[in-house]
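Visitor: Please take me through this protein chain by question and answer, moving from the overall fold to individual side chains.

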Amino acid sequence: MKMTGTNIEIIKHLREGRKSFNAIAADLSLSENTVRSRVAKMIEEGILDISALVNPEAIPGHRLVLVGVKLDTMDLVKKGEEFSRLRGVISVCVVTGRFDLIVSVLLKEDFGLLEFYTNEVSRIKEVQSVETFVVYKGYNAKIPYVL
């Protein structure tokens, strides 16, 4: 299947898409109301988030990159939260090793690496250094469409 602008718009709308409660109920031999109330409760408690995921390699003009971030502070959680709010950021992980954070970023033709660093990362204080890893081929790499 060829990925088109219309397909991307469908993916955006499916961020809250899901299999019908009726179908789930039938598969599990439960009532639809039981499934509905359990899903609502899990969403309310932050256990469950329903969204559409896409293979970034299938979207023309898009590229997935990972960014290792070294910080000048030990307030890693706060900095992780700041990075998570930047445009294009899919996820942020506080990690061990030579980096403090690993940031997954989705780029596209009019929002590339230069724009990400100059318009987004430059706003965050106490960044000592960054190292970029361009993903040429991913396996099981399904992501939410964030751009």
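**Fold and side chains**

Guide: Of the 147 residues of the protein chain, 33% count as buried, and the model discussed here is a predicted one.

Visitor: Which pattern does the protein chain follow when read along the sequence?

Guide: The protein chain contains 5 helices and 4 strands. Read along the sequence, these elements follow the pattern α-α-α-β-α-β-β-α-β.

Visitor: What share of the contacts between residues at least 6 apart in sequence joins residues at least 24 apart?

Guide: The count considers contacts in the protein chain between residues at least 6 apart in sequence, a contact meaning heavy atoms within 4.5 Å. Among those contacts, the share that joins residues at least 24 apart is 71%.

Visitor: How many bridges join strand 1 to strand 4, and which residue of strand 4 is the bridge partner of V67?

Guide: Strand 1 (residues 63–71) pairs with strand 3 (residues 101–107) in the antiparallel sense over 7 bridges, and G68 stands opposite I102 of strand 3. Strand 1 and strand 4 (residues 127–134) also run antiparallel, joined by 7 bridges. In strand 4, the bridge partner of V67 is T132.

Visitor: How far apart are the end C-alpha atoms of helix 3?

Guide: Helix 3 (residues 32–44) has 13 residues, and at 1.5 Å a residue it should span 18 Å. Just after helix 3, G46 takes a positive phi of about 75°.

Visitor: Which parts of the protein chain does the aromatic pair of F99 and F133 tie together, and how many residues apart in sequence are they?

Guide: A search of the whole structure finds 3 aromatic pairs, and the pair of F99 and F133 is edge-to-face, with 6.2 Å centre to centre and 85° between the planes. F99 lies in the loop between strand 2 (89–94) and strand 3, whereas F133 lies in strand 4, so the pair ties together parts whose separation in sequence is 34 residues.

Visitor: Is F133 buried or partly exposed?

Guide: Buried means under 20% relative accessible area, and exposed means over 50%. F99, at 11% relative accessibility, counts as buried. F133 has 33% relative accessibility and therefore counts as partly exposed.

Visitor: How are the rings of F116 and Y117 arranged, stacked or tilted?

Guide: F116 is buried, with a relative accessible area of 1%, and Y117 is buried as well, with 19%. Together with F111, these two residues form one aromatic cluster. The ring centres of F116 and Y117 are 5.6 Å apart and their planes are at 55°, so the pair is tilted.

Visitor: Over which ring does the charged end of R87 sit?

Guide: The charged end of K137 sits over the ring of Y139, 5.6 Å from its centre. The charged end of R87 lies 4.1 Å from the centre of the ring over which it sits, and that ring belongs to F111.

Visitor: What is the phi of E126, and is E126 buried or partly exposed?

Guide: Most residues other than glycine have a negative phi. E126 lies in the loop between helix 5 (113–120) and strand 4, and its phi is positive, near 70°. At 38% relative accessibility, E126 counts as partly exposed.

Visitor: What is the relative accessibility of N140?

Guide: N140 is placed in the segment after strand 4, and has a positive phi of about 60° although it is not a glycine. N140 counts as exposed because its relative accessibility is 79%.

Notes:
Residues are numbered from 1 along each chain as its sequence is written. This is a predicted model: local features need pLDDT of at least 70, side-chain atom pairs count only at pLDDT 80 or more; totals for chains, interfaces and linings use all residues. Side-chain values use heavy atoms; hydrogens and water are left out. Two strands pair if DSSP finds at least two bridges between them. Helices (H or I, at least four residues) and strands (E, at least two) are DSSP runs, numbered from the N terminus. The expected span of a helix is 1.5 Å times one less than its number of residues. Rings of Phe, Tyr and Trp (its six-membered ring) pair if their centres lie within 6.5 Å; planes under 30 degrees apart count as stacked, over 60 as edge-to-face and the rest as tilted. Buried means under 20% relative accessible area, exposed over 50%, partly exposed in between (1.4 Å probe, protein chains only). A charge sits over a ring if NZ of Lys or CZ of Arg is within 6 Å of the ring centre and within 35 degrees of the ring normal.
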